[in-house]
Amino acid sequence: MAKYVQEIGEVSKVKLHGHIDASIAPELMNEMKDLIARKDEIKKLVFFADELEYVASAGIRAVVFAKQKIGANVQVYLVGASDVILDVFKLTGIDKFLTIQDKFEG
Amino acid sequence: MRIDLHPTDTYGEFKMRPGLVLANGAHLVPGGVNFSIYSSGATSCELVLFHSGEREPYAVIPFPEGYRVGAVFAMIVYDLDFEDLEYGFRMDGEYDFSRGVIFDKTKTLLDPYAKIITGRNVWGEEPDWTNPFQYRAKVVMNDFDWEGDEPIRSTHNEMIIYEAHVRGFTKDESSGVKYNGTYAGLREKIPYLKDLGVNTIELLPIFEFDEFEGAREVNGQKLMNYWGYSTVGFFAPKAGYAASGKYSMQVDEFKSLVKELHKNGIKIILDVVFNHTAEGNEYGPYISFKGIDNNYYYILTPEGYYYNFSGCGNTLNCNNPVVRNLILGCLRYWVATFHIDGFRFDLAAILGRNQDGSPMSNPPLLESLAFDPVLKDVILIAEAWDAGGLYQVGNFPAYGRWAEWNGRYRDDMRRFLKGEDGLAGAAAARILGSEDIYDRYWRGDAASVNFITCHDGFTLYDLYAYNGKHNEANGWGNSDGGNDNHSWNCGWEGESTDYGTNFLRHKMIKNAAAVLLTSLGVPMILAGDEFGNTQYGNNNPYCQDNKISWLDWNDLEKNKDIYNFFKYMIAFRKRHPVFMRKSPATPYGYPMTSLHGGDAWRFDRSEGSHYVGVMFTGKTKDGEDDFIYLGVNAHWDAKPIFLPELPADKTWKVEVNTDLGENACYETPCEIAANNSFLVGPRSVIICTA
């Protein structure tokens, strides 16, 4: 069972949680690769971040990787991220590629 | 994975193979990281690997003899967790100080091509001084999405440069940004820059440096290496300027800033310091070059000591072919990877010194930069002097390509505007593009970067609020900083509550702005001058990481008239291509520029003259006839003048008159008398158009 990816389909859901530091991020990256392999099925990709406490650059890279590989037609959401987490995305300008929401509104 | 990149050898648990010799530094390759470094004198080299932040390495891998090609050690190491990796090198070799060969295999050295440097990730956070390896390299990923960012296709002479310090620009709370003192904070201020109208930002050094270098405490105040003119790593953006530096994401944050600037039509120039490094002299630390090829990278005396043409302890040996390649590679990297639009070279005269320190007539480095294909469209600006006494303003080896900070513009205009005798002729030449210094045929239209103030010296407000420097806070008994400020306090030293004094100061500031923004060449404004920012009379705040240096944005409201005037003048410059020398002539036979005195067509350059009138003629962007008259009266009395006669269907209208205080710019330009006469107020500038 995947640790982060909960569902792959038209609306694919990824639950980011806990501490995603450099040692754990490769797991997330591998799951992203599996998810992208099925990108033709996907119309929306939602990262739920309400239980994410910390994310290192490696974790952010996994999100960026997914966004870049999944194709321009797929909308990517970041949902429920705390201000601290959101800051990391904003500082590096990555938030511009994502739809930021408090609750997933579809 | 490509078949040719399979591991061929092992060392302990590590799989490896001979690396790519031409790729300097560390690069991700399929399955591993390629490490490459060159040293002509090293007998052996080791790769030292650390987990992030750990004091002791987890691996030391010697480069096998077969992994060395010429002087290059190159190795691919597989299966490294590069997100958690910091690395360095150790080199063994001869130690003979008198010959400049000082290898020390106990020192772990920073990769000169490091793209991310950790160790000073958060500005001002005290490092562990007992750690022998202070500055560590990390491997960079190039997955940033530029969203199709393209170079801004404007010519160099269209630039209006705004010189700013990343930290000082938004560090003060009054800046109102969320991420104070960072690249992200600067990004938040882009709408402000756009409103002001500047189209190029020039940043004081952002290559990784150590803010703790030379740190001291004076009267309870911590003094730091605030300006950053002392490079630790030439390829790495300063981590402490990134709010995301603690995540080692400074590369992304800086790229995000550049992308946003470009989206808003603003170019970015970096102030680069190649004249010396942070390694100092024989008492300074081994950071990188000293332990790699000391006698290649530095200009040394015959006894092995460091020449000090920079005033900072050592002098980079810029015309050594190895060093030249490093500099060229560095600039190419910043242009190709960070989309940088230009460079300003600190103490650039050093770049033209020979390996023995003597000036060269045809320095290979400067020539290489001038003709490099990657650098073809970027502007190269020289600070054409050094601390060793080489002053090359006007005769910097330019190859028709280099522009210069025009130090004579600053000095002549300051002296003229404050009312000194005998400067009218010089002031006129400066306004007309300093063709007496920069031959237009050889140097082009953008050779002269005109400025009245820059980071080094008084702010514009202080230029008219202080007769002398007040650098006591720097801790050197007010002995540091220049003494030739050509400033005038308008009758009272420092802050004043007197209406007349403040009125005059604001007028003097506007006079300077009006002249700067109507001069031919490329104008440069010091950040904060547009709202009267003060450094309290400190003309050398290189070490002041506090309110002395940080812009106080409260002044924007307090001195709104100054801001409005700068904004007006910037827009005015942009409306009139004559200032960019991009305009065709009028059909009436007027010269494109002409000089005038109290009487039209009679310019008075005598000793007692304090008046310069300049008429510019050409066409507007829409093809309309364009006549502009700039009148600068630097005398303390009003000056009656006659403007030149215009074609029959045209009349002069006043658009700007700095004698009118807050109303210096006319919403509706007002016609002047039919006989073209006008009384220019004392110490005032007028601009008329037709």
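Student: Which conventions apply here?
Tutor: Residues are numbered from 1 along each chain as its sequence is written, with chains lettered from A and ligands numbered from 1 in the order in which they are written. The model is predicted, with local features needing pLDDT of at least 70, side-chain atom pairs counting only at pLDDT 80 or more, and totals for chains, interfaces and linings using all residues; side-chain values use heavy atoms, without hydrogens and water.

Student: Where are the domain bounds in chain B?
Tutor: Domain 1 covers 157-272 + 312-577, and domain 2 covers 583-689. The bounds come from an automatic or database domain assignment.

Student: How many residues are in contact?
Tutor: 33 residues of domain 1 of chain B contact 38 residues of domain 2 of chain B, where contact means heavy atoms within 4.5 Å.

Student: And what area do they bury?
Tutor: About 2,800 Å², with 69% of it on carbon and sulfur atoms. That is the accessible area (1.4 Å probe) the two parts lose on being put together, summed over both.

Student: How many salt bridges cross the interface?
Tutor: The rule finds 2, taking a side-chain nitrogen of Lys or Arg within 4 Å of a carboxyl oxygen of Asp or Glu. B:R575 and B:E655 form a salt bridge through their side chains, at 3.4 Å from N to O.

Student: Which helices supply the domain 1 side?
Tutor: α8 (407-417), α9 (424-431), α12 (499-516) and α14 (560-575) of chain B each supply at least two residues. Helices are DSSP runs (H or I, at least four residues), numbered from the N terminus. α12(B) gives the most, with 8 residues.
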